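Colleague: Could you walk me through this one? I would like to go slowly and ask as we go.

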Amino acid sequence: MFNDVAIRLRGVSKRYYLGSPVGEGFKHLILHLPSQIKALRQRRPFHALTDVSFDVRRGECVSLIGRNGAGKSTTLSLIAGVLRASAGKVETYGRICPLLELGAGFNHQLTGRENILLNGVLLGLTRREVRQRTAQIIEFSELHDFIDAPLRTYSSGMVVRLGFSVAVHLDPDILLIDEVLAVGDARFRTKCFERMEHFRRRGTTMIFVSHDTGSVSRISDRVALFDAGRLIDIGEPGRIIDAYQQRSLAA
Amino acid sequence: MAILSTFAATQTRSRALVYYRDLVLVLLAKEFKVRYKNTFMGYAWSVLHPLVLALIFSLFFSVFVRLQVPDYTLYLMAGLFPWQWVSNTCFGANGYFLSNASLIKKVRFQRWMLVLSGVLNEAIHFVCSLPVVIGFMLYYSKSPEWNWLWAVPLLLGIQIVMMTGVGLFIGTCNLFFRDLERLVSLLVQLLFYLTPIVYTADMIPPGYTWLLYANPFAALIVCWQDLFYAGALTPAFLATAAAWSAAWALMGGCVYACKVWRFAEIV
């Protein structure tokens with residue numbers, strides 16, 4: 001309980017079985033039983049993540065970079081506890097707020113205000129705790145005029161603003177951010193980064209996934225470089241970002 | 001120090017309880033609002049369906065076929081309302097997890113809460129339809145007995161547990177076999193006719209009465225009919241209903257617990 005590690009990954013691997021034979025449905029399985037059993041035996045796993053180990057200290061901000069499909073989002077999902085590792089161990093200490101997809105729990109029929117309550121509770125707060133923060137959330141999102149309109153009338157930028165506002169007001173110990181800031185306009189992005197700076201000062205642990213090396217170097221203490229499901233290197237932002245750019249050019 | 005830490009433990013435990021209650025309430029409120037946001041009639045719809053069925057069946061079976069069941073319309077209502085809950089849960093269960101895919105992929109929370117809130121939603125509808133049943137009872141110069149005070153909550157509890165088990169079972173299986181929906185609708189149709197709803201339990205010939213116990217929902221429906229129509233519960237059916245309820249909860253719970261960690265991958 002009293003250690004200074006917030007997230008610990010030890011030899012973590014994640015395998016998927018692509019094209020699950022039963023995915024075709026029950027009828028298909030019954031009608032093609034022999035070939036289906038054969039397919040089930042021969043299916044090969046896809047290694048999304050192979051033997052990844054690293055620690056994130058309390059209050060640290062670590063960015064994950066790498067090309068598409070390198071394993072960054074899988075790592076985030078494992079830390080968020082949405083996926084379970086096929087091998088190895090993922091340990092987290094503290095309340096996690098995943099921003100894997102802004103407004104993941106939003107319902108487009110409900111109003112902005114109703115969604116704040118819904119999303120806040122889904123992310124781990126009690127109703128009372130969400131209500132105490134509702135005014136601040138609306139304030140931060142700058143959606144006063146639309147907050148009682150159904151979400152389906154919102155633009156995608158507005159949904160992102162609301163999602164981010166809810167997430168950053170939940171006082172998480174660990175914040176996971178998956179390239180969600182690409183959507184908002186420049187002013188709102190600036191605001192988000194200010195908020196992230198604020199979290200850093202307060203000692204919130206952050207994991208940040210982005211392709212934007214500018215914001216990565218600005219916000220992170222360390223950067224982890226992923227490629228083809230492996231952790232290539234982790235360390236000082238400048239050095240790792242250079243290595244990443246070298247690789248991209250080489251490829 | 002020890003006292004302090006137990007205090008902290010109860011603090012977090014009571015917060016967890018409050019949290020789970022809030023999660024169910026919020027999901028329940030969501031279901032409710034989404035369901036009725038764009039409809040005028042809301043509540044009326046959920047009552048109308050079994051009501052229309054009851055009228056059709058009573059026309060058909062008491063006027064055309066001339067089944068000899070006294071107060072036949074009331075008898076139909078007593079079975080159709082709880083059956084509506086059963087069939088709504090069986091159909092709804094296909095989507096409890098599927099329709100919340102983005103949530104399951106991105107947020108960690110107790111996924112079975114989705115099923116529970118769906119079932120409670122149906123339970124509320126059922127309770128709201130009780131006045132209609134009472135209305136029909138009064139029309140046939142019957143009235144609720146004192147035993148409702150314990151029997152209604154008891155049967156509600158049995159059905160909530162049973163439906164949650166059914167919901168977990170179907171909801172989980174449907175993630176792996178996406179065409180299960182068709183099979184479920186067929187089975188629900190079949191079970192409807194194997195359950196004494198349009199006919200009475202004592203019309204069943206002696207050789208077939210085992211069906212009442214083998215059918216997972218029959219005993220429960222008979223219990224509701226006993227309560228609304230006959231006025232007193234039959235212990236044998238009550239016990240059977242409770243046993244099926246426990247069996248479903250166990251079965252649904254096991255299937256769910258075995259597979260829940262894969263939900264985010266396959267949904």
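Colleague: Which residues in helix 2 of chain B meet which residues in helix 5 of chain B?

Modeller: Please keep in mind that this is a predicted model. In helix 2 of chain B the residues are Tyr43(B), Ser46(B), Val47(B) and Leu51(B), and in helix 5 of chain B they meet His125(B), Cys128(B), Ser129(B) and Val132(B). By class, this contact has five nonpolar, three polar and no charged residues.

Colleague: And at what angle do the axes of helix 2 and helix 5 of chain B cross?

Modeller: The axes of helix 2 (residues 43–64) and helix 5 (residues 112–139) of chain B cross at roughly 65° and come within 10 Å. Angles from 65 to 115 degrees count as roughly perpendicular, and helix 2 of chain B and helix 5 of chain B are therefore described as roughly perpendicular to each other. The crossing of helix 2 of chain B with helix 5 of chain B is right-handed.

Colleague: Now helix 3 of chain B, please. How does helix 3 of chain B pack with helix 6 of chain B?

Modeller: Helix 3 (residues 72–98) and helix 6 (residues 148–176) of chain B have axes 7 Å apart, and the angle between them is about 35°. They pass each other in a right-handed crossing. On the side of helix 3 of chain B the contact includes Pro82(B), Trp85(B) and Phe97(B), and on the side of helix 6 of chain B it includes Met163(B), Val166(B) and Ile170(B). Sorted by class, the residues of this contact are 11 nonpolar, six polar and no charged.

Colleague: What about helix 3 and helix 9 of chain B, at what angle do they pack?

Modeller: Helix 9 (residues 218–230) of chain B packs with helix 3 of chain B at an angle of about 140°, with the axes 9 Å apart. Roughly antiparallel is a label for angles over 145 degrees, and helix 3 of chain B and helix 9 of chain B are therefore called oblique to each other. This crossing, too, is right-handed. Among the residues that meet are Leu74(B), Tyr75(B) and Trp83(B) in helix 3 of chain B and Trp224(B), Phe228(B) and Tyr229(B) in helix 9 of chain B. The contact of helix 3 of chain B with helix 9 of chain B divides into 10 nonpolar, two polar and no charged residues.

Colleague: Let's move to chain A. How many helices and strands does chain A have?

Modeller: Chain A has nine helices and nine strands, and its C-alpha trace spans about 60 × 50 × 40 Å along the principal axes. Chain A has 251 residues, of which 41% count as buried. If you take the contacts in chain A between residues at least 6 apart in sequence, 73% of them join residues at least 24 apart.

Colleague: What is the order of the strands in the open sheet of three?

Modeller: The order is 2-1-4 in chain A, with antiparallel pairing. Strand 2 (45–57) and strand 4 (87–92) of chain A are at the edges with a single partner strand each, so one side of each has no neighbour in the sheet. On average, and ignoring direction, neighbouring strands here are turned by 20° against each other. Strand 1 (residues 5–17) of chain A pairs with strand 2 of chain A over nine bridges, and Arg15(A) stands opposite His47(A) in strand 2 of chain A.

Colleague: One more strand: are Ile96(A) and Pro98(A) of strand 5 buried or exposed?

Modeller: Ile96(A) and Pro98(A) on one side of strand 5 (residues 96–99) of chain A are buried, and so are Cys97(A) and Leu99(A) on the other, which leaves both faces covered. In a regular strand the side chains alternate between the two faces of the sheet. Strand 5 of chain A runs parallel to strand 6 (residues 174–178) of chain A, and four bridges join them. Leu99(A) stands opposite Ile177(A) in strand 6 of chain A.

Colleague: Finally, how many residues does each chain give to the contact between chain A and chain B?

Modeller: Chain A gives 28 residues and chain B gives 26 residues. On the side of chain A that touches chain B, the largest share is five residues from helix 4 of chain A. By class, that side of chain A has 15 nonpolar, eight polar and five charged residues.

Technical notes:
Residues are numbered from 1 along each chain as its sequence is written. Chains are lettered from A and ligands numbered from 1 in the order in which they are written. This is a predicted model: local features need pLDDT of at least 70, side-chain atom pairs count only at pLDDT 80 or more; totals for chains, interfaces and linings use all residues. A residue is buried if 20 or more other C-beta atoms lie within 10 Å of its own, exposed if 12 or fewer, and partly exposed in between; C-beta atoms are placed from the backbone. Helices (H or I, at least four residues) and strands (E, at least two) are DSSP runs, numbered from the N terminus. Two strands pair if DSSP finds at least two bridges between them. Axes are lines fitted to C-alpha atoms, for helices over the stretch in contact, and angles run from 0 to 180 degrees between N-to-C directions. A crossing is left-handed if the near helix is turned anticlockwise from the far one by less than a right angle, and right-handed if clockwise. Two residues are in contact if their C-beta atoms, placed from the backbone, lie within 7 Å. Ala, Val, Leu, Ile, Met, Phe, Trp, Tyr, Cys and Pro count as nonpolar, Asp, Glu, Lys and Arg as charged, and the others, Gly among them, as polar. Angles under 35 degrees count as roughly parallel, over 145 as roughly antiparallel, 65 to 115 as roughly perpendicular and the rest as oblique.
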